[in-house]
Amino acid sequence: METKTIKNESKNTKTTERIPGSEAVVRCLLEEGVEVLYGYPGGAIMPVYDELYKYQDKIHHVLSRHEQGAAHAAQGYARISGKVGVAIATSGPGATNLITGIADAQIDSTPLVCITGQVGSHLLGSDAFQETDIVGISTPVTKWNHQITKASEIPEVFAKAFYIAKSGRPGPVLIDITKDAQFEEFDFKYQKCKGVRSYTPVPKTDETSLKAAAELINNAKKPLIVWGQGVILGKAEAEFKAVIEKAGIPSAWTILGASAIPTSHPLNVGMVGMHGNYGPNVLTNECDVLIAIGMRFDDRVTGNLATYAKQAKIVHFEIDPAEIDKNVKTDVAVLGDAKASLKDLLPLLNANSHTDWHQKFKDLYKIEYDKVIKNDLHPTKEGLTMGEVLKEINSQTKGEAAIVSDVGQHQMIACRYAEFNKTKSNITSGGLGTMGFALPAAIGAKMAAPDREVVMIAGDGGYQMNIQELGTIFQQKVPVKIVVLNNEFLGMVRQWQQLFFDKRYASTEMVNPDFVAIAKGYHIDAKKVSERKDLKEAVKEMIDCEGPYFLEVRVEKEDNVFPMIPTGASVSDIRLE
Amino acid sequence: MSTENKQFTVSIYTENNIGLLNRISAIFQRRHMNIESLNTSPSEIEGVSRFTLVVNITESQMKKVIGQIEKQVEVIKAYYHTEGEIIYQESCIFKMKSDLLFDERQIQNIIKESNARIVTVNKQFFVIEKSGRKEEIDLLYRELNVFGIMQFTRSGRVAVTKDEMKISTMLEAFQH
Ligand SMILES: Cc1ncc(C[n+]2csc(CCOP(=O)(O)OP(=O)(O)O)c2C)c(N)n1
Ligand SMILES: [Mg+2]
């Protein structure tokens, strides 16, 4: 490898040992503190699996039922723990099956190290059996990737991979290792990586911009904070809370920012974006200073950019310089790590309460409550709503659960109504919107945080995209709680068909199997609920269950998620019905 | 900021890495942008490569793309420049029938006036080389094309900036 890296010479300096590349791979993982990895074996990675067998008392390999499941499980592990998730697969189809998870991790800034086997180096480019150019394929969806053809490269490449995955704005990296490099013996010695010459993980925070930001915030009459996952990834929750409490600023979150402060915090005014709350969306176009913290102005958050917060001065706290002015032109950009920047910002801020401004959020909440929330959480109609299921889960888990949601209507409902008391509790596929994410991600989350209640919530569609991971849950005895909100539709797409395609329900109606029987087939306790009177007891049985549990809830078939900003509309044109 | 397309020359200092060209070109491809010309070579700093690209995009697009390029782990620094900020050259080679050299007197003059150079002559063909700005090469092409060109190729642009690039100081800051 040509790149200059800084090596940590301290405690890891040992005399060398002669071992094969395959063993070196496992030793590297141990050096990086990896306890669990998710994967699936095959020809080109068999030497590494042989070593995983020998080292099984030191490192736990979880056999998924599909490599996509392994990648999402590694993501769930990383999202709840803040540690690097590790996935491993064979060459060819094994490697390509990882791609959706890698792309998901890239857009949601999740630290992953993915390891793939490759055909022998003498066969590269010969269209050998199960040869695929995974380095080429993964390039646009990885933060970094590398192909190893010599065993001696293994320690340095692994050290660099872990460093890159977790430093700065995290992301997935992929290491492809030819089979001959796995067999080759070399003198193993591991040194952790402390820096890469061409890579600045955290840009320097400029004091002038920090002061300019403080001045704008101090002079604001109607400031609004929108925070994203940067607060969580930067472990800046406490600093963030101190800032908003001192300055008294109403604060709204993007989906990935959810749970950084408790849902019940008085300054938490809810979610922004397409199905976010009425108040923060409407008032985005009324605030005088918009302070974005660790978020990237995704189009699902901003709606039409031409009419997004045009009246406001924009302050952007961000670790990734490429995000500055990418979608929204900023007035003040504060580059750097959220934790450090917010800590330095705090003493520069004046104490404030913005009572009148805050009242506006409360007034709009009242409107949203009467039009939408009341009917979602306390329905009077016969059919069950997704919202009331969430409400029941909230009350029985006391807001302590991590909610792992899939993609669709149930996801929006979960994000809107789940109550969070702890950070890193909203695990969902935000940027890529990957159906099939939740079930495997819940496995990883539960394994990383065995003391936490992990409740997976999926739709009948997305659940079936990685339903095979029930096998992993069964084999590993992972006590996740699996909730399927069954509306017998690809509900979110059906909602759009109803609203924008004159109710032509093209291929969105689902004819579903007996989900309870399937769960039971994997020896997982399971129940189905179709009536309101049985809901509470069923959720209780699920929460009380020591092992994994499957609960199907039949919900109203054609409910819609509101509020909604139609595509191309302005955030302030959000519809309540 | 102007919404009109302009010609920009992009200089990218990088570690010498196998996959990097792919990473950089993917950034343009993903945004449906055409790379007009591309050159890779060693730079003035040992072990550091330099990519020189020419693109026709708006300045705001250019700024965003530079951000995406610099974000790549193995990119040390990327710059973009307008035509006035750089000195550049392109190079081209023509292969033509040898008879023309004797039958068509003007060819000798064209070669002389355009500061081109004859690289080799044999019985069948001769080869002309010319380095210069894009317009000069375009002109020479038009003039020679009248007589029939057997083969023609031109290189990507190479460029240096009029102002200093503080790349060496940046690299010194990295302690080994
Ligand atoms: C892999 C993938 N394919 C397609 C989509 C497009 N899509 C978004 S939501 C949705 C419907 C999801 O249906 P279901 O899982 O039943 O959830 P519901 O909306 O009914 O709650 C679809 C098809 C997607 N997000 N991901
Ligand atoms: Mg559904």
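What coordinates the magnesium ion (ligand 2), and which residues come nearest to ligand 1?

A: The model is predicted: local features need pLDDT of at least 70, side-chain atom pairs count only at pLDDT 80 or more, and totals for chains, interfaces and linings use all residues. Residues are numbered from 1 along each chain as its sequence is written, chains are lettered from A and ligands numbered from 1 in the order in which they are written, and side-chain values use heavy atoms, without hydrogens and water.

The metal comes first. Three residues coordinate the magnesium ion (ligand 2) at 2.1 Å: Asp460(A) through OD, Asn487(A) through OD1 and Phe489(A) through its O atom. Donors here are N, O and S atoms within 2.8 Å of the metal (3.2 Å for Na, K and Ca), and since water is not among the atoms, sites may look incomplete. Along the chain, the donors of the magnesium ion follow the spacing D-x26-N-x1-F. Distant parts of the chain are linked in this way: Asp460(A) belongs to helix 18 (residues 460-463) of chain A, while Phe489(A), 29 residues apart from it, lies in the loop between strand 20 (481-486) and helix 20 (491-500) of chain A. Helices (H or I, at least four residues) and strands (E, at least two) are DSSP runs, numbered from the N terminus. Both Asp460(A) and Phe489(A) are buried, a word that stands for under 20% relative accessible area, with exposed for over 50% and partly exposed for values in between (1.4 Å probe, protein chains only).

The loop that holds Phe489(A) also holds Glu488(A). Glu488(A) has a phi near 55 degrees, a positive value in a residue other than glycine. Most residues other than glycine have a negative phi. Glu488(A) counts as partly exposed because its relative accessibility is 22%.

Ligand 1 comes next. The shell around ligand 1 has 18 residues, and those that come nearest are Gln409(A), His410(A), Gly433(A), Gly462(A) and Gly491(A). A residue belongs to such a shell if one of its heavy atoms lies within 4 Å of the molecule. Helix 16 (409-417), helix 18 and helix 20 of chain A each supply at least two residues of this shell. By type, the shell has eight nonpolar, nine polar and one charged residue; Ala, Val, Leu, Ile, Met, Phe, Trp, Tyr, Cys and Pro count as nonpolar, Asp, Glu, Lys and Arg as charged, and the others, Gly among them, as polar.

Several polar contacts of ligand 1 can be named. A polar contact is a pair of N or O atoms within 3.5 Å; within protein, one must be able to donate a hydrogen and the other to accept it, and residues adjacent in sequence count only if both atoms are side-chain atoms. An oxygen atom of ligand 1 lies 2.8 Å from a backbone N or O atom of Gln409(A). A nitrogen atom of ligand 1 is 2.8 Å from a polar backbone atom of Gly433(A). In the side chain of Asn487(A), an N or O atom is 2.9 Å from an oxygen atom of ligand 1. On its own, ligand 1 exposes 580 Å², of which the protein buries 76%; these areas come from the Shrake-Rupley method with a 1.4 Å probe, and for residues, only the protein chains shown count as cover.

Some other places in chain A give context. Asn426(A) lies in strand 18 (residues 426-428) and is buried, with a relative accessible area of 5%. A polar atom of the Asn426(A) side chain is 3.0 Å from the backbone oxygen of Ile255(A). Gly257(A) is located in the loop between strand 12 (251-253) and strand 13 (268-271) of chain A, and its relative accessible area is 0%, so Gly257(A) is buried.

Ala309(A) lies in the loop between helix 12 (299-302) and strand 15 (313-318) of chain A and counts as buried because its relative accessibility is 3%.
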